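Trainee: I would like to learn how to read a protein model. Could we go through one together?

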Amino acid sequence: MAPRFGFSNWWPEEAKKGTPVVVKMENPNYSVVEIDGPDAAFRPVEKSRGKNAKQVTWVLLLKAHRAVGCVAWIASLFWALLGAVKKRLIFRQDVAMASEKMGKGKLLFTAIKVFLVASLTILGFEVVAYLKGWHYFRNPSLHIPRSSDIQGLLHLVYVTWLSVRADYIAPPVQALSKFCVALFLIQSADRLMLSLGCFWIKYKKIKPRIERDPFDSDDVEGSAYEYPMVLVQIPMCNEREVYEQSISAVCQLDWPKDRLLIQVLDDSDDESIRCLIKAEVAKWNQKGVNIIYRHRLTRTGYKAGNLKSAMRCEYVQAYEFVAIFDADFQPNSDFLKQTVPHFKDNPELGLVQARWTFVNKDENLLTRLQNINLCFHFEVEQQVNGVFLNFFGFNGTAGVWRIKALEESGGWLERTTVEDMDIAVRAHLNGWKFIFLNDVKVLCEVPESYEAYRKQQHRWHSGPMHLFRLCLPAIITSKIAIWKKANLILLFFLLRKLILPFYSFTLFCIILPLTMFVPEAELPVWVICYVPVCMSFLNILPAPKSFPFIVPYLLFENTMSVTKFNAMVSGLFQLGSSYEWVVTKKAGRSSESDLLASAERESKTMNQLQIQRGASESELAELNRLKEQKEAAPLPVKKVNKIYRKELTLAFLLLTASVRSLLAAQGVHFYFLLFQGVTFLLVGLDLIGEQMS
């Protein structure tokens, strides 16, 4: 018989053409023999043949093993997720929450819950209709049966719902959707222009420069008259975790001691913290640093009131510039030499702002996402506005002001919680120019817990709207150019402070979930996917190491739009929470500048003796009492994460919207929203919860 080469498997069984042949080769004496039909060797062998029962059993067992392994993996993952939820819900009972905090946001949470229940009900109804074949909206030419043809009350209700949805619900939702999409495109165009401006600055290497070093002298003491008088202020309030490192960094600034004065403006209401800060100030005072401690008995106006009270001191009149650092900021020793020289021969310059950099940006996912936002803010927004407009919002810290500019602009006012933006706008209206130094960086912290971050964002988004109501008449009646007025009103306040939170909340947190039972208002894929991804790429360019977090960043920004929108509304209509100031909780992360003080910490005992020699008897007794209390205090109980129900409810709502998009048969839309919902749930359970320790 001829050898079998298996060539018959290359062609279909019913595609035989020509006469089958058998090829025989010489040695041994092969020849070509013509035959009438296929030999048995060429007949296709059925797959079922040649396999005994034992082989079939092994194949089935292997497939069953794989299936069981997959199911076991999914079950273990789901069980671990449920275990995490159960653990946090159980330990949540140990978290003490004030009743007023429980009632805060109750109305918004109730509205989200009602909307979630309604959406789940409609979604279940849609599934039943889909399985029954009632989805008439898919085929407009499909005949809708008459009333006499309708069988069942459920079918009648569904057809009525389709009519009501098409006539009354879909039109307003579509109109609102188009309006929000237009705002979204305008804001995206503004962000694109800012990014192009940043690229131009990088390409042309544009930045503020100092022609020559005004302090270039070997004899520092002999040239001390060239150094202007600089006042440094460190406002703080109950900053137990960071007061030591901030005071240490400021006291090491490279500046003549007789031309520098440091004010520690302590608004702490905790007596133990005040004593600790006094001891730290006394330590540096013993080393020859010109530093003083101030505490207000009447704590009004928050940070603005603290700074305003300090500027009223008589000795401040002898100083020309004032540098401000919050309690968690740690400037480099050459900070003043990199910023103050820009004021020389530039009498119109009122502010020099430095950039922030963060010591804890890689602490968790929340800090990484904040780093993306803040890097874009400084690298793009502040730098572009500083180069092309000579105006931007003062960041409240890490900046040097000309005291004359502060005084002519009205000084610090206590009318809003964004006193930094308030003084910047008033100084701009008075004709003062600003400079942003992207190369001068000051170390600081970003909030590591969601609770602290949410309160910070609430203050940052409610304050500007409150300020806009107060400053609008002054902007209109000011003597600055018309294009500067338009920039302040249309871009600085309306587009970036009002429109941005409005459309992001309305479009992605209201209209997008509505589309799962109002398909007539279905959003285009480019609105919910392509354009947001492109804008996220632009946002993440200043922090290229954060590219792996682009998807969580995009999803987290959608979730935070609820908090930002709520804050914007409270500030615009002057609700109670618009004037709420909560000090952002710090973790006291160490930085590179702390290494310079390592030798001092090693000799802490000797320094303590020096402090005690310079302290009064009452202060010494107070320090001893605090030391005894610290030793007798019990170990702090570690608190666990809290569950934020509003965020998790919204996450589940968006996950439900992804299921609806599956019924709409739009794959990109479905997978995008499905991943969005799953990510929201995981982030809410593991990362968004407040880490309280």
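Trainee: Among contacts between residues at least 6 apart in sequence, what percentage join residues at least 24 apart?

Mentor: Good place to begin, and please keep in mind that this is a predicted model. In the protein chain, 80% of those contacts join residues at least 24 apart.

Trainee: How many helices and strands does the protein chain have?

Mentor: The chain comes to 21 helices and nine strands. As for burial, 46% of its 693 residues count as buried.

Trainee: Now for pairs of helices. How are two packed helices described?

Mentor: Two numbers do the work: the angle between the axes and the distance between them. The crossing of helix 5 with helix 6 is right-handed.

Trainee: Which residues make the contact?

Mentor: Helix 5 brings Tyr243, Glu244, Ile247, Ser248 and Cys251, while helix 6 brings Leu276, Ile277, Glu280, Val281, Lys283 and Trp284. Sorted by class, the contact of helix 5 with helix 6 has seven nonpolar, one polar and three charged residues.

Trainee: At what angle do helix 9 and helix 12 pack?

Mentor: Helix 9 (residues 365–388) and helix 12 (residues 450–477) pack at about 25 degrees, and their axes are 11 Å apart. Helix 9 is therefore roughly parallel to helix 12. Here the crossing is left-handed. On the helix 9 side, Leu366, Gln370, Asn373 and Leu374 meet Tyr450, Tyr453, Gln456 and Trp460 of helix 12. The residues of this contact of helix 9 with helix 12 divide into five nonpolar, three polar and no charged.

Trainee: What should I know about phi in residues other than glycine?

Mentor: Most of them have a negative phi. Two residues to look at here are Asn390, with phi near 55 degrees, and Ala398, with phi near 60 degrees. Both values are positive, and neither residue is glycine. Asn390 lies in the loop between helix 9 and strand 8 (399–402), and Ala398 lies in the loop between helix 9 and strand 8 too.

Trainee: Is Ala398 buried or exposed?

Mentor: Ala398 is buried, with a relative accessible area of 0%. Asn390 is partly exposed, at 27%.

Trainee: One last feature. Which residues does the UniProt annotation "transmembrane region" cover?

Mentor: According to that unreviewed entry, the annotation covers residues 64–85, 106–131, 488–517, 523–541 and 670–688. Residues 488–517 are 90% helix and 0% strand, with end C-alpha atoms 41 Å apart. For residues 523–541 the values are 84% helix and 0% strand, and the end C-alpha atoms lie 27 Å apart.

Terms used. Residues numbered from 1 in each chain as written. Predicted model: local features only at pLDDT ≥ 70, side-chain atom pairs only at ≥ 80, totals over all residues. Heavy atoms only, no water. Axes fitted to C-alpha atoms, helices over the stretch in contact; angles between N-to-C directions. Helix = DSSP H or I, 4+ residues; strand = E, 2+ residues; numbered from the N terminus. Parallel < 35°, antiparallel > 145°, perpendicular 65-115°, else oblique. Left-handed = near helix turned anticlockwise from the far one by under 90°. Contact = heavy atoms within 4.5 Å. Nonpolar A, V, L, I, M, F, W, Y, C, P; charged D, E, K, R; others polar. UniProt positions renumbered as here; feature names shortened; annotations may be inferred. Buried < 20%, exposed > 50% of the residue type's maximum accessible area, 1.4 Å probe, protein only.
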